[in-house]
Amino acid sequence: MATKFTLVFLFLTLLSIATSTPTNFIKSSCSTTSYPTLCVESLSVYATTIQQDPHQLVQTALSLSLNKTQSTKGFVTKCKSFKGLKPREYAALHDCVEEITDSVDRLSRSLKELKLCKIQGEDFSWHISNVETWVSSALTDESTCSDGFGGKALDGRMKASIRSRMVNVAQVTSNALSLINQYATKH
C-alpha cells in the first residue's frame, strides 16, 4: 500500500512540475494585465531568463518597456528633422520628444530602483512605491505625447506611425505597471 501511495505521489509531483513551466507562469501573471496577449507574446521570448521568478518577470517587463520607449524616442526624433514640417507638426514632435525623454528617464530610474526591491520590509515598500510612481508617470508621459497628435490639424502617415508606436509603448508600459503592482501586493 505504501508503494502505491509513493507512486501516486511521485506521479502527481511530476505532473505538477510538467504543468508549471516558465511559459505557464508568464501566462498566469499576464492574465490580469490590460493587454494579456501582448504581455504573453512579448515576455515569452524571455521565459528561460524569467523562469518562475516574479522579480525577474517584473524586471524583464520593465526593461522591455524601456527598450521600446527608447526606440520610439529615436523614431520621433528622426521625424522631427523631416523637411517641410508644418509649425504645428514640428511643435507636436518637439513636445513628444520631451515627453518620451521624460518617460525614458523615469523608466531607467525605475529599473535601477527595482534592483533595490530584492530586500523585504520597509525598504522594499519604499523602493517598490517609487517604481510604481515613476512607471505610472512614464505612462502619463506616453499618453501626453499621443494626445499631441490628436485632431485634424495633424494627419497623414507620420501621425499614424507615431501614434501606433506610442500606443504599443503605452500598452507594454501598462502591462509592466500591472505586473509591478502584482509583485508589490505579494510582498
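This report walks through a predicted model of a protein chain, from its overall build to a few individual contacts.

## Ground rules

Residues are numbered from 1 along each chain as its sequence is written. Since this is a predicted model, local features need pLDDT of at least 70 and side-chain atom pairs count only at pLDDT 80 or more, while totals for chains, interfaces and linings use all residues; side-chain values use heavy atoms, with hydrogens and water left out.

## The big picture

Let's start with the whole chain. It has 8 helices and 0 strands, and reading along the sequence gives the pattern α-α-α-α-α-α-α-α. Helices here are DSSP runs of H or I with at least four residues, strands are runs of E with at least two, and both are numbered from the N terminus.

Of the 187 residues, 40% count as buried. Buried means under 20% relative accessible area, exposed means over 50%, and partly exposed is in between, using a 1.4 Å probe and protein chains only. Now for who touches whom: among contacts in the chain with a separation of 6 or more, 73% are between residues 24 or more positions apart. A contact means heavy atoms within 4.5 Å.

## Helix 3 meets helix 8

Helix 3 covers residues 36–44 and helix 8 covers residues 157–185; they pack at an angle of about 85°, with their axes 10 Å apart. That makes helix 3 roughly perpendicular to helix 8. The axes are lines fitted to C-alpha atoms, for helices over the stretch in contact, and the angles run from 0 to 180 degrees between N-to-C directions. As for the labels, under 35 degrees is roughly parallel, over 145 roughly antiparallel, 65 to 115 roughly perpendicular, and the rest oblique.

Which residues do the touching? On the helix 3 side they are L38, C39 and L43, and they meet N168, Q171, V172, N175 and L179 in helix 8. Sorted by type, the residues of this contact are 5 nonpolar, 3 polar and no charged. Nonpolar covers Ala, Val, Leu, Ile, Met, Phe, Trp, Tyr, Cys and Pro; charged covers Asp, Glu, Lys and Arg; the others, Gly among them, are polar.

Leaving out residues up to four places away in sequence, Q182 touches S29 and T32. The side chains of Q182 and T32 are joined by a polar contact of 2.3 Å. A polar contact is a pair of N or O atoms within 3.5 Å; within protein, one must be able to donate a hydrogen and the other to accept it, and residues adjacent in sequence count only if both atoms are side-chain atoms.

S164 lies in helix 8 too, but S164 is partly exposed, at 44% relative accessibility. Its side chain reaches the backbone oxygen of S161 at 3.0 Å.

## Salt bridges

How many salt bridges are there? The count comes to 2, where a salt bridge is a side-chain nitrogen of Lys or Arg within 4 Å of a carboxyl oxygen of Asp or Glu.

One pairs D105 with R109, with the closest N and O atoms 3.7 Å apart. Both lie in helix 6 (residues 87–114), 4 residues apart, or about one turn of the helix. D105 is partly exposed at 40%, and R109 is partly exposed at 33%. In the other, the side chains of R106 and D141 meet at 2.7 Å, N to O. R106 lies in helix 6 and D141 in helix 7 (residues 122–147), so this pair ties together parts 35 residues apart in sequence. Here R106 is partly exposed at 22%, whereas D141 is buried at 7%.
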